[in-house]
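Biologist: Let us examine this model by question and answer, with each criterion stated as it is needed.

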Amino acid sequence: MQVVKYMFQPHGDDRGQLIALEEGKDIPFAVRRIYYMYETADGVTRGYHAHKHLQQILVCIHGSCKIRLDNGQESKVVSLEKPYEGLYVANTMWREMFDFSPEAVLLVLASEFYDENDYIRDYDEFLSFVRKEASNP
Ligand code: TYD
């Protein structure tokens, strides 16, 4: 299973660091929505879903967290620890976010507006969905 992690180029100088993300250049899709998680309570795991269409890039812009990605056949845990790392999460990827450090801020760039109908929240339904996609690409 391939994990796609982007290393964004910081514009650093003696004042500090700045990262700029442009659609089509740094981000492989048009960004329709941005959301972020912060003040995540200790020990919380969130996510537990996949999507029918939505693509996302996750950036832990402060602190750190871990993401479990599962494509229906295997799963991998990815650590996000630097504000210049972006994890690409394809639609048909079950995801769980956990191990948030205190004060972690997880920023998400999303390819679609919020649509509850795009969510697959049941793991067995997710498995059927990926099997159907594989047999009917
Ligand atoms: P939820 O889907 O529970 O987040 P997680 O990815 O951790 O499972 O979302 C929490 C709440 O926020 C829920 O009421 C839906 C709402 N929400 C929006 O209104 N817009 C959004 O873009 C997102 C991601 C969530």
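Modeller: A residue is called buried under 20% relative accessible area, exposed over 50% and partly exposed in between, using a 1.4 Å probe and protein chains only. This is a predicted model, in which local features need pLDDT of at least 70 and side-chain atom pairs count only at pLDDT 80 or more, whereas totals for chains, interfaces and linings use all residues. Residues are numbered from 1 along each chain as its sequence is written, and side-chain values use heavy atoms, with hydrogens and water left out.

Biologist: What share of the area that the ligand exposes when taken alone does the protein bury?

Modeller: The contacts come first: a polar contact is a pair of N or O atoms within 3.5 Å, and within protein one must be able to donate a hydrogen and the other to accept it, with residues adjacent in sequence counting only if both atoms are side-chain atoms. Ligand oxygen atoms lie 2.4 Å from a side-chain N or O atom of Arg33, 2.6 Å from a polar side-chain atom of Arg46 and 3.3 Å from a polar backbone atom of Gly47. Of the 520 Å² that the ligand exposes alone (Shrake-Rupley method, 1.4 Å probe), the share buried by the protein is 58%.

Biologist: Is Cys65 buried or exposed?

Modeller: Cys65 belongs to strand S5, residues 65-70. Beyond its neighbours within four places in sequence, Cys65 is in contact (heavy atoms within 4.5 Å) with Cys60, Val78, Ser79, Leu80, Phe98, Asp99, Phe100 and Leu106. The C-alpha atoms of Cys65 and Leu106 are 7.9 Å apart, although 41 residues separate the two in sequence. Because its relative accessible area is 2%, Cys65 is buried.

Biologist: From which residue does the backbone nitrogen lie 2.9 Å from a polar side-chain atom of Ser111?

Modeller: Ser111 is placed in the loop between strand S9 (105-110) and strand S10 (119-120), and it counts as buried because its relative accessibility is 5%. Leaving aside neighbours within four places in sequence, its contacts are Phe29, Ala30, Arg32, His53, Leu54 and Gln55. The backbone nitrogen at 2.9 Å belongs to Gln55.

Biologist: What is the phi of Glu103?

Modeller: Most residues other than glycine have a negative phi. Asp99, which is not a glycine, has a positive phi of about 55°. Glu103 is in the loop between S8 and S9 and counts as exposed because its relative accessibility is 62%. Its phi is likewise positive, near 70°.

Biologist: How many residues apart are Asp99 and Lys66, whose side chains meet in a salt bridge?

Modeller: A salt bridge is a side-chain nitrogen of Lys or Arg within 4 Å of a carboxyl oxygen of Asp or Glu, and the count by this rule is 6. For Asp99 and Lys66 the N to O distance is 2.8 Å. Because Asp99 lies in the loop between S8 and S9 and Lys66 in strand S5, the pair ties together parts whose separation in sequence, in residues, is 33.

Biologist: How far apart are the closest N and O atoms of Asp13 and Arg15?

Modeller: Asp13 is partly exposed, at 37% relative accessible area, and Arg15 is exposed, at 75%. The two form a salt bridge in which the closest N and O atoms are separated by 2.6 Å.

Notes
Helix = DSSP H or I, 4+ residues; strand = E, 2+ residues; numbered from the N terminus.
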